[in-house]
Amino acid sequence: MMKGRTTMEVGADGVAVITIINPPVNSLSLDVLQSLRASFDEALRRNDVKAIVVTGAKGKFSGGFDITAFGGIQKGKTESPKRGYVAVEVLTDIVEAARKPSVAAIDGLALGGGLEVAMACHARISTSNAQLGLPELQLGIIPGFGVRGSEAHDLGLVDAVVPANELLSTARRWALEIVERRKPWVSSLYKTDKLEPLGEAREILKFARAQARKQAPNLRHPQVCIDVIEEGIASGPRAGLWKEADAFEELLRSDTCKSLVHIFFAQRGTSKVPGVTDLGLSPRRIKKVAVIGGGLMGSGIATALILSSYPVVLKEVNNKLLEAGIGRVKANLQSRVKKGKMTEEKFGKTMSLIQGSLDYDNFRDVDIVIEAVIENVSLKQQIFADLEKFCPPHCILASNTSTIDLNLIGEKTRSQDRIVGAHFFSPAHIMPLLEIVRTQKTSPQVIVDVLDLGKKIKKTPVIVGNCTGFAVNRMFFPYTQAAMLLVEHGTDLYKIDRAITKFGMPMGPFRLVDLVGFGVGIATAMQYIEHFPDRTYKSMIIPLMQEDKRAGESTRKGFYLYDDKRKASPDPELKKYIEKAREISGISVDPKIANLPEKDITEMIFFPVVNEACRVLAEGIAVKASDLDIAGVMGMGFPPYRGGILFWADMLGSKYIYSRLEEWSKQYGGFFKPCTYMAEKAAKGAPLSSGPMEQAKSRM
Ligand SMILES: C[C@H](O)CC(=O)SCCNC(=O)CCNC(=O)[C@H](O)C(C)(C)COP(=O)(O)OP(=O)(O)OC[C@H]1O[C@@H](n2cnc3c(N)ncnc32)[C@H](O)[C@@H]1OP(=O)(O)O
């Protein structure tokens, strides 16, 4: 079956309009490229065609090369096109070198290969809002940036910006004016007016290389991108094109590219949930939201909502707390103003969307309530019973709890079908993940509504089942515990944080505990001790430190010491707490663990996380492995270029991970014991992400 095509219509003015058609984003499949080539051949052959306009159907120029084709090439199922086929043969030798001029008419988007098609034309006309960019670095290939049409005009990337309804007529006229030599006939490939002399260019590239190394030390493709640019500048455009073709072929097969392409589709796949999103339900419109609790989480959630233009009622129990809550929202927005991301006018408008309240009077017309009070079961039960009385019967009742069973929260109501978890990650107006927790009674309509709200406030929603810690906190509880175990057995704690940040996490486990605060750390550890006693590593390090009034960054002392600027530095005093903790647990320093190489540190920290992710998958808490990959990337900052926790694990192989965990569990105890699911996968040499073998008893 053909995957996309182009059409060509020749007008009385002698302009052939070639339209790319491949919904939903007019991506450039090989079929589209073949057809583009055929349309160009025909336009060049026909005597009634003087000039060409290239555009995309339904207001989108093109979203770039067809990413779905990458998977086939990477797995060796489909052949990749001949070396240089796209960039040299089609775009340069047919489009750019054509005897008749072409103009790109760009609306919506021109990304990646889409922008390259536009660049191969001899002029570009765009709408002011069109999105132009080369986002390929995000896929592990080259290169990457993006601008809007009007900015592209300032940069000289497009030649004119016009309203959408004048786009085609302007492009046609422009194309004819090139024929008549009233407008310049420009080949982008040979343009040099923005290039510095070679020596200077090399200095700039050297600087760019250093910057890229600093920002992305684990990534090779940004460096390759710079190599290709240098080749183009030093040896000429065609040499650059061929180097690009070779680099593309190589990078396409890299683990980084495979991981990032996986993340691209996994992210879009989180909102596809069998039995929920395939029932034909449309999301109901949410006009007004209430948030209960103006603490750190509540104020962050309220900020996220008003930033996306939702009117919000923020409820607190007294004036003082209410003022503090609204003050936090204000501070969140002010920080955007300071960074130049928000104008004063927009600040005022956004703040006007929030209304404080001390009672439920303003709850009579809200469509969803998000409760974000402290983690106290009876308090939450009371709130939900009140909500049932004061809110309209259609209103969704959501809780931001990170640990408490939702069935328990809704126990005193008859509204179980509209109770749902909306678990945000702190800071809620910044972190991109939203865990939507459903119980067996939550109605699909409610889930569809919350999914839609999540997307509207620019979160990536992941739907999970109800259990202690849900998906993210549950998968990652062994992250800190493994770190404590290693320290008690002799690894230097700062070495652990260094190894883990080198791996690509935004911060190591100790820096993270400092940030979260020891109070929260101990409270959640208690939950794990209660619910997963067989595999919780109990260390006294944190409680001992807390007794000494060290409670993390907020007290300026935790595993690190913090100065006025929140800069962390190691503290030699920690030794005494670690030694005391060892005394209590009866553990002595193991020379092997004291001298662990970084690779082993990383594995001993992350394989228990993989193990727990397997349990979450086997229990049906997540619908599919890729949802857990996204949850870890968006909620914990697991490096996307490693594809997410289970994707990464599968690259190492289930057998290897299982054997390492087995070995450690014999030496260091049940904390490392591989779960049954992993044992079964390893025995068959099957990928961990392949899902439960028997129908898992779904907890959703
Ligand atoms: C040779 C070149 O250098 C190589 C390349 O061109 S590589 C490709 C470069 N292009 C990109 O990276 C763009 C990737 N796409 C995007 O950023 C976004 O999808 C977008 C901005 C185009 C649209 O975003 P949005 O409107 O939010 O819709 P979104 O849900 O992301 O996409 C809609 C659908 O189009 C698909 N899609 C988007 N871009 C695609 C592409 N380039 N190829 C194939 N499918 C694509 C998505 O998978 C999704 O499919 P689904 O409905 O089955 O889930």
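Good morning. In strand β9, A160 stands opposite I125. What we are viewing is a predicted model, in which local features need pLDDT of at least 70, side-chain atom pairs count only at pLDDT 80 or more, and totals for chains, interfaces and linings use all residues. Residues are numbered from 1 along each chain as its sequence is written.

Strands are DSSP runs of E with at least two residues, and helices are runs of H or I with at least four, both numbered from the N terminus. Two strands pair if DSSP finds at least two bridges between them.

I begin with β6. This strand, residues 123-126, pairs in the parallel sense with β9, residues 160-161, over two bridges. With β4, residues 102-106, β6 also pairs in the parallel sense, over four bridges, and R124 is the bridge partner of A104.

Which residues of β6 point one way, and which the other? A123 and I125 share one direction, while R124 and S126 take the other, and all are buried (20 or more other C-beta atoms within 10 Å of the residue's own, C-beta atoms being placed from the backbone). In a regular strand, side chains alternate between the two faces of the sheet.

I turn now to the open sheet of eight strands, ordered β12-β11-β10-β13-β14-β15-β16-β17 with mixed pairing. Its edge strands, β12 (354-357) and β17 (460-465), each pair on one side only.

Finally, β16, residues 433-438, runs parallel to β17, and six bridges join them. There, I436 has I463 of β17 as its bridge partner. Thank you.

Note on methods
A residue is buried if 20 or more other C-beta atoms lie within 10 Å of its own, exposed if 12 or fewer, and partly exposed in between; C-beta atoms are placed from the backbone.
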